[in-house]
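Subject: Model for your files

Dear colleague,

Please find the structure below, with the sequence. My notes on what was found in it follow.

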Amino acid sequence: MGHHYFQEFDFQSYFFQFSLSEDVRDLFALRIGSKRYRMRRSPMGFGPVPQAAQAAASALCEDAISGQDAAQQITCLDNIIVAGDNIEMVRKCGDRFGALCDEFGFTVGESSEIGSRGELLGLEVDQAEKRWRPSPVSRLCATACSTTSRSARST
């Protein structure tokens with residue numbers, strides 16, 4: 001990805017933002033004493049949710065960057081990156097993405113300020129050696145994304 005500016009978004013409790021349809025809620029019912037409770041939101045570990053979450057995030061991003069030929073989006077489940085060659089393009093696409101999330105009822109927990117390539121890659125400056133190095137968070141994200149993509153390929 002050869003872009004210069006990036007903005008990152010993270011959905012808040014993304015899997016729990018997916019409602020279960022009425023016809024499957026009985027499958028996720030539990031009984032406590034004499035009372036029966038049915039889940040209305042997708043539980044963690046429910047097989048189809050990651051695929052639906054990825055598809056929803058990708059569709060929102062594609063719509064947010066439509067018409068911006070030099071913009072690009074990357075989605076890894078609930079982590080979204082909007083990239084572009086100039087700061088105004090990234091800001092415009094990021095604002096459109098936020099508006100679409102509001103329109104469809106998705107809650108974005110965090111969004112970063114528009115940053116440079118080093119910041120996007122999760123690099124931090126090693127003050128002693130005066131060079132960029134991967135941050136612990138970036139190593140964790142890289143591991144999570146590679147695990148997700150491996151499991152997606154195996155299904």
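**Sheet and strand pairing**

Phe9 has Ser111 of strand 6 as its bridge partner. Strand 1 (residues 5-11) and strand 6 run antiparallel and are joined by three bridges; two strands pair if DSSP finds at least two bridges between them. Helices (H or I, at least four residues) and strands (E, at least two) are DSSP runs, numbered from the N terminus.

Before the rest, the basis. This is a predicted model, in which local features need pLDDT of at least 70 and side-chain atom pairs count only at pLDDT 80 or more, while totals for chains, interfaces and linings use all residues. Residues are numbered from 1 along each chain as its sequence is written, and side-chain values use heavy atoms, with hydrogens and water left out.

The open sheet has four strands in the order 4-5-1-6, with antiparallel pairing. Its edges are strand 4 (72-76) and strand 6 (108-111); each has a single partner strand, so one side of each lacks a neighbour in the sheet. On average, neighbouring strands of this sheet are turned by 20 degrees against each other, direction ignored. Axes are lines fitted to C-alpha atoms, for helices over the stretch in contact, and angles run from 0 to 180 degrees between N-to-C directions.

Strand 2 (residues 29-32) and strand 3 (residues 35-38) also pair in the antiparallel sense, over four bridges. Ile32 has Lys35 of strand 3 as its bridge partner. This hairpin has two residues between the strands, and Gly33 takes a positive phi near 65 degrees.

The buried residues of helix 1 include Val49, Ala53, Ala57, Leu60 and Ile65. Buried means under 20% relative accessible area, exposed over 50%, and partly exposed in between (1.4 Å probe, protein chains only). Among the elements that cover the buried residues of helix 1 are strand 1, strand 4, strand 5 and helix 2. Gly67 follows helix 1 and has a positive phi, near 85 degrees.

Helix 2 (residues 87-104) lies across strand 1, strand 5 and strand 6, and runs at about 15 degrees to strand 1.

**Aromatic pairs**

Searching the whole structure gives seven aromatic pairs. Phe11 and Tyr14 have ring centres 4.2 Å apart and planes at 10 degrees, so the pair is stacked. Rings of Phe, Tyr and Trp (its six-membered ring) pair if their centres lie within 6.5 Å; planes under 30 degrees apart count as stacked, over 60 as edge-to-face and the rest as tilted. Phe11 is buried at a relative accessible area of 3%, and Tyr14 is buried at 2%. Ring pairs link Phe9, Phe11, Tyr14, Phe18, Phe97 and Phe106 into a cluster.

**Whole chain**

The protein chain has four helices and eight strands. Of its 155 residues, 32% are buried.

Regards

Notes
Contact means heavy atoms within 4.5 Å.
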